[in-house]
Amino acid sequence: MVIMTGESPRPSSLTFQPVLERIATEVAQTPGRGRPADYIPALAACDPRRFGMAVAELDGTVYGVGDWRVPFSTQSITKVFTLALDLAREGDALWDHVGREPSGNPFNSLVQLEYENGIPRNPFINAGALVVTDRLQTRTGDAAGALLDFLRAESGNPGLSFDKEIAASEAANGDRNAALGHFMASYGNIDNPVPVLLEQYFQQCSIAASCADLALATGFLARHGIRADGGRLLTQSQAKQINAIMLTCGTYDAAGDFAYRVGLPGKSGVGGGIIAVVPGRCTLCVWSPGLDERGNSVAGVAALDRFTTLTGVSVF
């Protein structure tokens with residue numbers, strides 16, 4: 001199933017499809033798939049048994065299995081792309097407003113902000129993502145729109161759109177995010193009116209996309225900052241930085257366990273999706289709505305674990 005190359009096994013292009021099919025078969029036989037996010041009512045009705053997985057190579061070739069072309073709510077996966085778009089615009093000045101360290105706390109925690117004077121620990125907890133969205137809003141006038149345009153271009157799918165039901169559901173249950181925004185604004189770490197920021201943030205999280213779409217859209221991180229059209233979005237160093245933060249912070253307070261099991265930079269969302277990057281090789285996206293207690297897809301983590309085990313591909 002894999003080609004041996006002296007030091008470590010690496011798959012040929014033709015092996016991704018049988019690997020994905022084997023993983024889907026194993027996942028289907030696994031009991032205990034977690035529960036969908038219930039604090040966002042529009043997500044609570046998702047079937048935790050659904051499963052899709054896609055792998056995209058650097059040239060845009062995509063392999064998939066299961067529900068790999070079914071759109072789902074991207075949620076916090078979009079934080080990777082807003083981070084890239086803002087970092088491309090303002091560079092290292094961003095890091096004066098948000099840190100790069102694991103939080104060790106739930107993704108919507110308020111606790112650390114007071115101790116750290118309104119500077120979020122990293123861009124992937126909700127407070128940090130709000131800061132990044134705020135800064136992108138200042139630079140574009142429409143952060144969510146800039147994000148959607150980027151995802152459409154990188155995925156090659158002009159049909160990607162916001163899910164109005166999801167956005168409305170999040171807005172109606174967004175008191176914690178509002179508290180985070182106002183608290184950081186009190187420290188001068190938010191530029192835009194908090195209601196404007198929240199609207200942009202909820203739209204951002206509501207984008208619906210499939211595993212195929214997201215695997216393709218993430219490709220610039222595997223290509224060291226190069227977009228699908230050959231243009232450069234990030235420097236090679238910036239792409240490395242985002243991959244590093246994904247590895248250490250991308251799955252909230254389960255990042256250590258994810259790195260241990262999967263061995264790839266990854267970013268999860270409470271819609272049940274996870275993206276992952278093999279720099280210089282390929283990108284992945286897996287979706288299954290059943291979550292563990294830390295907000296990560298149970299079947300998704302297991303599937304990525306099996307992928308790196310079966311192929312020998314990881315960053316280690």
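The paragraphs below take up a strand, a helix and a loop residue in turn.

This is a predicted model, in which local features need pLDDT of at least 70 and side-chain atom pairs count only at pLDDT 80 or more, while totals for chains, interfaces and linings use all residues. Residues are numbered from 1 along each chain as its sequence is written, and side-chain values use heavy atoms, with hydrogens and water left out.

Strand β3, residues 52–57, has six of its six residues buried, where buried means under 20% relative accessible area, with a 1.4 Å probe and protein chains only; strands are DSSP runs of E with at least two residues, numbered from the N terminus. G52, A54 and A56 point one way from β3, whereas M53, V55 and E57 point the other way. Strands pair if DSSP finds at least two bridges between them, and β3 pairs in the antiparallel sense with β4 (residues 62–66) over five bridges, with G52 opposite G66. These two strands form a hairpin with four residues between them, and G60 in the turn has a positive phi of about 95°. Strand β10 (residues 282–287) also runs antiparallel to β3, joined to it by six bridges, and there T283 stands opposite A56.

Helix α12 covers residues 236–249, helices being DSSP runs of H or I with at least four residues. Its buried residues include I242, I245 and L247, and what covers the buried residues of α12 includes α3 (78–90) and β9 (273–278).

L94 lies in the loop between α3 and α4 (111–115). Its contacts (heavy atoms within 4.5 Å), leaving aside neighbours within four places in sequence, are L83, D86, L87, V132 and R135, and L94 is buried, with a relative accessible area of 0%.

Notes
The expected span of a helix is 1.5 Å times one less than its number of residues. Buried means under 20% relative accessible area, exposed over 50%, partly exposed in between (1.4 Å probe, protein chains only).
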